[in-house]
Amino acid sequence: QVQLVESGGGLVQAGGSLRLSCAASGITTRRNNMGWYRQAPGKQRELVARISSGAITNYADSVKGRFTISRDNAKNIVYLQINSLKPEDTAIYYCSAGQVTYVPSSSDYWGQGTQVTVSS
């Protein structure tokens with residue numbers, strides 16, 4: 001059974017930083033495409049960062065230079081380091097494993113999400 005458990009969200013001031021974690025069980029993160037999506041109220045879920053099984057990373061234009069996705073193969077955890085937070089980064093952040101494409105796929109594995117709220 002695959003489980004993805006996110007943690008690390010919270011309330012921060014603009015300009016601050018957070019590190020989100022996605023602890024995986026039932027799959028091996030280094031053998032799968034892993035990604036972070038976010039969904040703000042009233043908006044569609046969007047892919048913000050992706051790391052392929054080959055360790056190639058991709059980012060949405062809106063987060064390039066501020067977000068960094070990485071993984072700890074020994075711990076089977078994927079991280080999302082978020083710096084220079086902006087109020088528009090406020091959203092629920094979801095970890096995903098599988099195809100991790102621009103359009104969220106119901107066939108991928110998903111975590112329950114972690115809330116990130118940025119105050120101005």
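**Entry 1: strand 9 and its partners**

I started at Arg 38, which stands opposite Tyr 93 in strand 9. I keep in mind that this is a predicted model. Next I asked how strand 4 and strand 9 run. They are antiparallel, and seven bridges join them.

I then looked for other partners of strand 9. Strand 11, residues 114-119, pairs with strand 9 over three bridges, again in the antiparallel sense. In that pairing, Ile 92 has Gln 115 of strand 11 as its bridge partner. Strand 10 covers residues 109-110 and runs antiparallel to strand 9, with two bridges between them. There I found Ala 97 opposite Tyr 109.

Is strand 9 mostly covered or mostly open? It is mostly covered, since six of its eight residues are buried.

**Entry 2: the disulfide**

I searched the whole structure for disulfides and got one. It joins Cys 22 to Cys 95, with the sulfurs 2.1 Å apart. The angle about the S-S bond is -75°, and the link is left-handed. Which parts does the pair tie together? Cys 22 lies in strand 3 (residues 18-25) and Cys 95 in strand 9 (residues 91-98), so the link ties parts that are 73 residues apart in sequence. I checked burial too: both Cys 22 and Cys 95 are buried.

**Entry 3: Glu 6**

Glu 6 sits in strand 1, residues 3-7. I asked which side chain of opposite charge is nearest to Glu 6. It is Arg 45, at 7.5 Å. Glu 6 is buried and has no salt bridge.

What does the side chain of Glu 6 reach instead? One of its polar atoms lies 2.7 Å from the backbone nitrogen of Cys 95. The backbone nitrogen of Gln 112 is 2.9 Å from a polar atom of the Glu 6 side chain.

**Entry 4: Asn 33**

I moved back to strand 4, residues 33-39, where Asn 33 is found. Is Asn 33 buried or exposed? With a relative accessible area of 17%, it counts as buried, because the cut-off is under 20%. The Asn 33 side chain reaches the backbone nitrogen of Ser 53 at 3.1 Å. Not counting residues up to four places away in sequence, Asn 33 touches several residues, among them Arg 50, Ser 53, Ala 97 and Val 100.

Conventions: Residues numbered from 1 in each chain as written. Predicted model: local features only at pLDDT ≥ 70, side-chain atom pairs only at ≥ 80, totals over all residues. Heavy atoms only, no water. Helix = DSSP H or I, 4+ residues; strand = E, 2+ residues; numbered from the N terminus. Buried < 20%, exposed > 50% of the residue type's maximum accessible area, 1.4 Å probe, protein only. Lys, Arg positive; Asp, Glu negative; His and termini not counted. Salt bridge = Lys/Arg side-chain N within 4 Å of Asp/Glu carboxyl O. Polar contact = N/O pair within 3.5 Å; in protein donor to acceptor, adjacent residues only side chain to side chain. Contact = heavy atoms within 4.5 Å. Disulfide = S-S within 2.5 Å. Pairing = 2+ DSSP bridges.
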